[in-house]
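Subject: Structure for your review

Dear colleague,

Please find below the sequence and structure that I am handing over to you. My notes on the side-chain contacts and backbone follow.

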Amino acid sequence: MKYGEIMKDLIKVFTILGFLGAFLCFSTYTARADVFDLSLRLTEGGYKLELTPDGHHKGLTLTVNTDLNTQYEVVHSLITPLENRDNPGEVIRDNFVVRGLSGTNRFGNLRIPTNDSPVRFDEVLYVSNSTGSADSFTLVYGMVNSEEISPGYYYGKIAFTLRPIGSARQPETEILDVYLNIREDQSRQSIEIVPVDSLRTVVLSTRTQEKNAAGVSIKINGNFNKLFSIAQVLTGPLESKEGNQLSPDAINFTVSGASKGMGINQAVALSTRQQTIYTSTPSGEFDSNLMIAYSLADGREQKAGNYSSRIQYMLDKIGLGQRVMGTLDLEVEIEQIFDIMITPEDKKGTLDFPNLHPKEPPRVNEVLIEVNSNTGRRYQVSQNVYSNLTDKEGHEIPSEYFKLQAFSVDTKGKLKVVAKQEVAKGDMVLLVSDSKGSADKFRVVYELTSPMNIKSGDYSTRITYSLSEL
């Protein structure tokens, strides 16, 4: 083979090898540039977190592998609370705790507290540095005050999610199963707080008398041996999606079933301040079944809307301090009220002056008008007079002899007829509400002066009253 042909063949070989090398480098670079994953490792081995009621905590190391150079965060979510398999609805909440081990991470910010705190439904554990360096950190999970948890086999799930910050990359999620088994001999105290009509929500509504009240059952088991008390607090204002707030005074409560200990047995308004609702005897004797009855005050005094908050319950034991036992959602519906009431009732349609004679003294007819409104919007009250005062034969009394005047009855709005004025046919505004659209009340006095030349008889007219928003 000639020298020139050999060189051409060598050039072809080197060219192909160069392309292959570039392709492999590019493929390796592409694969490496796309690393973004999360892995979990239990420090005691295994693939599920098996907790024990003896106070022994167990560790979990989370490792983030990434070369995206993008900041990220790691979040854990209690997607399935620890629930008693044999008693559905009985859930472990504040006894299931977690803490972060300080110094186990290298670059980012470990957000989880380093002391035991209840596992929440959604919480940021870790935020990386601005360049998104790969890192790892360790969490420790455990049970506290497990002697107060009812016996049973509990199961739940925690989701750990790796989320990029400021990147379109999809999050990565890992699921961890959690188990706890508490035997009868490991549980000595339990307090169960459950709404009578739902799982975790106290619902009150003004729509019907039945929905105007709701009960919460408190079941106490075990042996306390010392004085203890149960308290409640409204964790935040009762607020609607529109930002309106309902006063806690709108809800009253009482506690029944207390014979050994002491409960609130007279109606007391709910409060955003802590309220002791039940106290045992000094030696720790207690009533095993209590009932809290929540009820709504007069809905006419409250602004219409759907409001929500939460009621938190605490156990306070002598020498052991206070702990949160649980929290219930509170939902309150104040149905819209917008109506008018006329007294006496027969004045809704007609105004009568029977057996009228010429030159007799003036006659007076009075109407009390009440407006019930909780819409929070301004309104007006009007009257519509269909005709002059007329008898059966069609004789009329001129409007100049028939007058009206409005009088305050602790009226909040503005009366529009404060001096005597002729009762003319058609519409006339009697009252305009205040800016809050408050419920209101006022009197309208109709006065008829008998003309000299009228024909004796029974005179009347039709008057209707209307309520309309402005």
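The model contains 11 aromatic pairs, where rings of Phe, Tyr and Trp (its six-membered ring) pair if their centres lie within 6.5 Å, with planes under 30 degrees apart counted as stacked, over 60 as edge-to-face and the rest as tilted. One of them joins Y155 and Y179, a tilted pair with 5.1 Å between centres and 40° between planes. These two residues are 24 apart and link distant parts of the chain, Y155 being in strand β11 (residues 152–164) and Y179 in strand β12 (residues 172–182). Helices (H or I, at least four residues) and strands (E, at least two) are DSSP runs, numbered from the N terminus.

Please note that this is a predicted model, in which local features need pLDDT of at least 70 and side-chain atom pairs count only at pLDDT 80 or more, while totals for chains, interfaces and linings use all residues. Residues are numbered from 1 along each chain as its sequence is written, and side-chain values use heavy atoms, with hydrogens and water left out.

**Aromatic rings**

Y155 is partly exposed, at a relative accessible area of 28%, whereas Y179 is buried at 17%; here buried means under 20% relative accessible area, exposed over 50% and partly exposed in between (1.4 Å probe, protein chains only). A further tilted pair is formed by F402 and Y446, with ring centres 6.0 Å apart and planes at 35°. F402 belongs to strand β32 (residues 402–408) and Y446 to strand β36 (residues 440–448), so this pair ties together parts that are 44 residues apart in sequence. Both F402 and Y446 are buried.

**Salt bridges**

There are 15 salt bridges in the structure, each defined as a side-chain nitrogen of Lys or Arg within 4 Å of a carboxyl oxygen of Asp or Glu. D34 and R169 form one of them, at 2.8 Å from N to O. Since D34 lies in the loop between α1 (3–32) and β1 (36–42) and R169 in the loop between β11 and β12, the pair ties together parts that are 135 residues apart in sequence. D34 is partly exposed at 47%, as is R169 at 24%. A network of salt bridges links D34, R169 and E172.

E366 forms a salt bridge with R443, with 3.1 Å between the closest N and O atoms. E366 is in strand β28 and R443 in strand β36, so parts that are 77 residues apart in sequence are tied together.

**Nonpolar cores**

A nonpolar core is a set of buried Ala, Val, Leu, Ile, Met, Phe, Trp, Tyr and Cys residues joined through side-chain atoms within 4.5 Å. The largest has 35 residues, of which I220, Y294, L330 and V332 touch the most other members. Strand β25 (residues 321–334) gives the most to this core, with five residues. A second, separate core of 33 residues includes L51, F96, I149 and L180.

F442, in strand β36, is buried with a relative accessible area of 0%. Its contacts (heavy atoms within 4.5 Å), apart from neighbours within four places in sequence, include V367, L368, I369 and F407. The C-alpha atoms of F442 and E370 are separated by 6.7 Å, although the two residues are 72 apart along the chain.

**Backbone**

Most residues other than glycine have a negative phi, and most peptide bonds are trans. The bond joining T343 and P344, however, is cis, with omega about 0°; P344 lies in the loop between β26 (338–343) and β27 (350–356). N355, in strand β27, has a positive phi near 50° and is partly exposed at 48%. K359 likewise has a positive phi, of about 65°; K359 is placed in the loop between β27 and β28 (363–373) and is exposed at 61% relative accessibility.

Kind regards
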